[in-house]
Amino acid sequence: MAPTLSTTQFSNPAEVTDFVVHKGNGVKGLSETGIKALPDQYIQPFEERLINKFVNETDEAIPVIDMSNPDENRVAEAVCDAAEKWGFFQVINHGVPLEVLDDVKSATHRFFNLPVEEKCKFTKENSLSTNVRFGTSFSPLAEKALEWKDYLSLFFVSEAEAEQFWPDICRNETLEYIDKSKKMVRKLLEYLGKNLNVKELDETKESLFMGSIRVNLNYYPICPNPDLTVGVGRHSDVSSLTILLQDQIGGLHVRSLASGNWVHVPPVPGSFVINIGDAMQILSNGRYKSVEHRVLANGNNNRISVPIFVNPKPESVIGPLPEVIANGEEPIYRDILYSDYVRYFFRKAHDGKKTVDYAKI
Ligand SMILES: O=C(O)CCC(=O)C(=O)O
Ligand SMILES: [Fe+2]
């Protein structure tokens, strides 16, 4: 007979929520109790489950771009083409030292391996800074079904602020990861901008394209019934650009714009997965696509990922760029305060691409 919740230390779902969400054990703690059945609140509606037979039935694959190609125009073209057709691509030979990537992955494991009391210092209730938050799922209070993921989210303000408030155990590695990735991020944004007639990343464009940075350390522990739940539900990012470091486990799936199929993003050692976020879709008046993606839960392996969300400044007003509208195009998005847009995203559960409709004219 399949094990049920009653064969574990929990006698009802409320006790699970208390253990995972309120006591700060996260799904990692739950997984480590040896729980054999998925608690009810993690069971996703049928249509949200990424059952294997619906994926990988396709030979579509997101582009892999070699940034060391001496013909820079070719690199720029490949980046812009992928941003229009896929909204997603991987980059290799990107110039970020591989040891920086290894170090931030190790730091992520170290943080999540801390005792609960240590991690709990960074929950919403306890954290000494609103820019540092340890949590689970996406928005447990707004969600009908929870997601099988824990995270530490770090909004970068300054080195001094990080020194004061970020967890010691992963601070330096995360700061180094941000710092060493900046050059690549700038290059990618320059390529994307040029193709939109943005001649240079001056101060105004910099604050729109890369005015603020958030890094998440994500932990997806082994799940007892991975087919019934998700690591992350369908969503698009609110960033201008996301650069994501994943380990060798896999599980990230992207919705193909061409076919509607869910396409796996295979781990490529030393690469970054790059995706266009909603802010860039809006700034480009829909030319670059912020595409739905989600993460499968895994029954055999723990997985980590470390996305850097490159965002507009919270106080920026985002809307189709003048350079884009100058060619006579009708704007399809209205001007909107970026912090309002982000607040709207976090107020609800993941719901695919619906956030961007909020900015539609
Ligand atoms: O873990 C991943 O591969 C993707 C995570 C993600 O989509 C996100 O944090 O927005
Ligand atoms: Fe995402």
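A polar contact is a pair of N or O atoms within 3.5 Å; within protein, one atom must be able to donate a hydrogen and the other to accept it, and residues adjacent in sequence count only if both atoms are side-chain atoms. This is a predicted model, in which local features need pLDDT of at least 70 and side-chain atom pairs count only at pLDDT 80 or more, while totals for chains, interfaces and linings use all residues. Residues are numbered from 1 along each chain as its sequence is written, and side-chain values use heavy atoms, with hydrogens and water left out.

Arg171 is part of helix α7, residues 168-194; helices (H or I, at least four residues) and strands (E, at least two) are DSSP runs numbered from the N terminus. The side chain of Arg171 reaches the backbone oxygen of Ala162 at 3.0 Å. With neighbours within four places in sequence set aside, Arg171 is in contact (heavy atoms within 4.5 Å) with Ala162, Glu163 and Trp166.

Glu48 sits in the loop between α2 (26-32) and β1 (64-66). Apart from neighbours within four places in sequence, Glu48 contacts Val230, Arg234 and Arg294.

The table gives relative accessible areas; buried means under 20%, exposed over 50%, and partly exposed in between (1.4 Å probe, protein chains only).

| Residue | Relative accessible area | Class |
|---|---|---|
| Arg171 | 7% | buried |
| Glu48 | 18% | buried |
| Cys80 | 6% | buried |
| Cys170 | 1% | buried |

The structure holds zero disulfides, a disulfide being a pair of cysteine sulfur atoms within 2.5 Å. Cys170 is in no disulfide, and the nearest cysteine sulfur, that of Cys120, is 15 Å away.

Helix α4 covers residues 98-112, and its 15 residues should span 21 Å at 1.5 Å a residue; the end C-alpha atoms are 22 Å apart, which agrees. The expected span is 1.5 Å times one less than the number of residues. Buried residues of α4 are Val100, Leu101, Val104, Ala107, Thr108, Phe111 and Phe112. Seen down the axis of α4, these buried residues fall within an arc of 125°, so they line one face of the helix. The arc is that of the directions from the helix axis to the C-beta atoms. An α-helix has 3.6 residues a turn, so residues three or four places apart point the same way.

An unreviewed UniProt entry places the feature "domain: Fe2OG dioxygenase" at residues 204-312; such annotations may be inferred rather than shown by experiment. Over residues 204-312 the chain is 12% helix and 39% strand, with the end C-alpha atoms 10 Å apart.

Methods
Chains are lettered from A and ligands numbered from 1 in the order in which they are written.
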